[in-house]
Amino acid sequence: MKAVVRTRSLPGLLFALLLAALTMATPAAADTGVSTIGRALREGPVYVDPAASGLSSADALAQRIKKADKPVFITVLPADYPTANLFPNLRTATGITGLYAIRLGDRFDARADSSVLSNAAVKNLVASVQGEDAKTQLDDFTDRALAGMGGSAPASWGGSSDGGGGVSTTALVVAGGVLVAGGAGAYTLVKRGRRRREEEQRAALDKLRVVVDEDITAFGEELDRLEFHPAEPGADDAMRADYERALDAYEQAKSYMAAATKPEDVRSVTQALEDGRFSLAQLAARREGRPLPERRAPCFFDPRHGPSVADATWTPQGGAPREVPVCAADQARLADGRDPMIREVDTDHGRRPYWDAGPAYGPWAGGYFGGGLLPGLLVGTVLGSMMSTPSYASDYGTGYGDFGSGGYDGGDVSGANFDSDDFGGGGGDFGGGGDGGGGGDFGGGF
């Protein structure tokens with residue numbers, strides 16, 4: 001009789017064990033989905049995956065981020081979590097402009113929308129915390145990022161973060177009461193901060209507008225002096241195309257400037273002017289029978305001088321020597337030991353070179369010279385120093401010519417409307433050990 005009982009209970013026991021295993025596995029599998037993480041981050045700044053090593057400081061970290069009122073999103077995942085397109089997929093699932101950091105096993109990396117933090121700043125921050133234990137790494141990264149990033153916490157962060165590990169009903173009730181009592185005041189402070197930032201941007205744009213209008217006027221005068229007529233003898237289709245591009249650039253520059261609402265909008269204006277001047281240089285070469293000029297950056301000392309013809313060594317006052325693109329006239333002045341003709345603008349301290357005039361000139365220079373050229377040109381100058389700091393992105397874009405992020409400030413809900421090229425940074429080598437010097441990907445190719 002006993003043998004019969006044992007025989008009949010064995011399948012039942014195996015079934016029970018299998019059912020228990022499936023039941024235990026189901027929540028963990030669900031918790032690892034990017035959509036689940038995105039929903040959690042919309043409710044709080046820290047998410048710890050159930051399968052990841054525990055982070056006892058998650059609650060405290062979440063509260064510190066909320067108190068700072070900044071859009072920082074921290075995710076802790078197991079080492080074997082799939083990494084293909086992880087950052088852009090998580091950004092899409094969350095749908096909020098901000099700074100996203102991921103601890104993957106013992107590896108770490110981050111990405112940010114450029115309106116929140118510059119790519120250079122993200123890389124530097126990530127590199128500065130490589131090799132630290134989880135708590136120290138996340139605390140250090142967060143504290144350093146909060147000190148200089150832009151934007152505000154998303155409105156959806158209403159209650160206390162549970163760090164992915166749960167929170168008591170009493171705590172929720174208490175937190176809810178506090179939020180109800182202080183919500184109106186907090187909302188007023190956020191609005192006041194954004195209003196102040198907008199006022200500062202308008203003031204900076206007003207000062208910058210004078211210089212940009214001078215640029216547009218100078219280009220219009222160049223068009224008049226050219227005295228080119230599409231039907232003149234010797235004119236061909238290539239000349240007419242150059243002239244039409246120059247005219248289009250002039251009209252675009254005026255239109256972009258009329259629509260500008262913040263300093264970073266000026267980049268499109270000066271970019272159009274740079275394109276137009278190159279078209280005029282091509283047209284002049286065709287009319288004179290000279291070889292067509294190569295596409296070069298404008299003269300560093302004053303972009304109104306037109307495209308550069310060579311690179312020359314120049315040392316700013318108190319700075320280090322560097323190679324800068326120069327026009328023919330400034331090349332001759334430097335060769336003779338004379339000072340170049342430098343573009344100066346009005347500042348609160350009198351007339352100064354544009355690179356010592358203030359942060360709003362970053363977008364202006366970025367349109368002329370592009371993002372890749374500026375670091376070497378501006379190193380050691382006031383503008384170069386400003387553009388390399390994390391806080392620069394808060395008010396004037398992301399530094400070195402990479403400005404704007406679709407019109408969304410940090411903490412704004414943009415959904416999937418973001419440029420993956422604009423969502424960048426990263427300094428950790430997730431594919432090879434996290435030494436801070438790699439390409440910043442988990443090996444997943446994003």
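Predicted model: local features only at pLDDT ≥ 70, side-chain atom pairs only at ≥ 80, totals over all residues.
Helices here are DSSP runs of H or I with at least four residues, numbered from the N terminus.

Two packed helices are described by the angle between their axes and the distance between the axes. Helix α8 covers residues 237-259 and helix α9 covers residues 266-288; their axes lie 8 Å apart, at an angle of about 160 degrees. Angles over 145 degrees count as roughly antiparallel, and α8 and α9 are therefore roughly antiparallel to each other. Their crossing is left-handed. On the α8 side, the residues making the contact include A238, A246, A249 and A253, while α9 brings in, among others, V269, A272, L273 and G276. Altogether, the contact of α8 with α9 divides into 14 nonpolar, five polar and four charged residues.

Now move to another part of the chain, where helix α6 (residues 134-146) meets helix α5 (residues 119-128). The axes of α5 and α6 come within 9 Å and cross at roughly 150 degrees, which makes α5 roughly antiparallel to α6. The crossing of α5 and α6 is right-handed. To find the meeting place, look for L125, V126 and S128 in α5, and for F141, R144 and A145 in α6. This contact has four nonpolar residues, one polar and one charged.

Helix α6 has a further partner to visit. Which way does α3 run relative to α6, parallel or antiparallel? The axes of α3 (residues 58-68) and α6 come within 11 Å and cross at roughly 0 degrees, so α3 is roughly parallel to α6. Here L61, R64, I65 and A68 of α3 touch L138, D139, T142, D143 and L146 of α6. By class, the residues of the contact of α3 with α6 are five nonpolar, one polar and three charged.

How values were computed: Residues numbered from 1 in each chain as written. Heavy atoms only, no water. Axes fitted to C-alpha atoms, helices over the stretch in contact; angles between N-to-C directions. Helix = DSSP H or I, 4+ residues; strand = E, 2+ residues; numbered from the N terminus. Parallel < 35°, antiparallel > 145°, perpendicular 65-115°, else oblique. Left-handed = near helix turned anticlockwise from the far one by under 90°. Contact = heavy atoms within 4.5 Å. Nonpolar A, V, L, I, M, F, W, Y, C, P; charged D, E, K, R; others polar.
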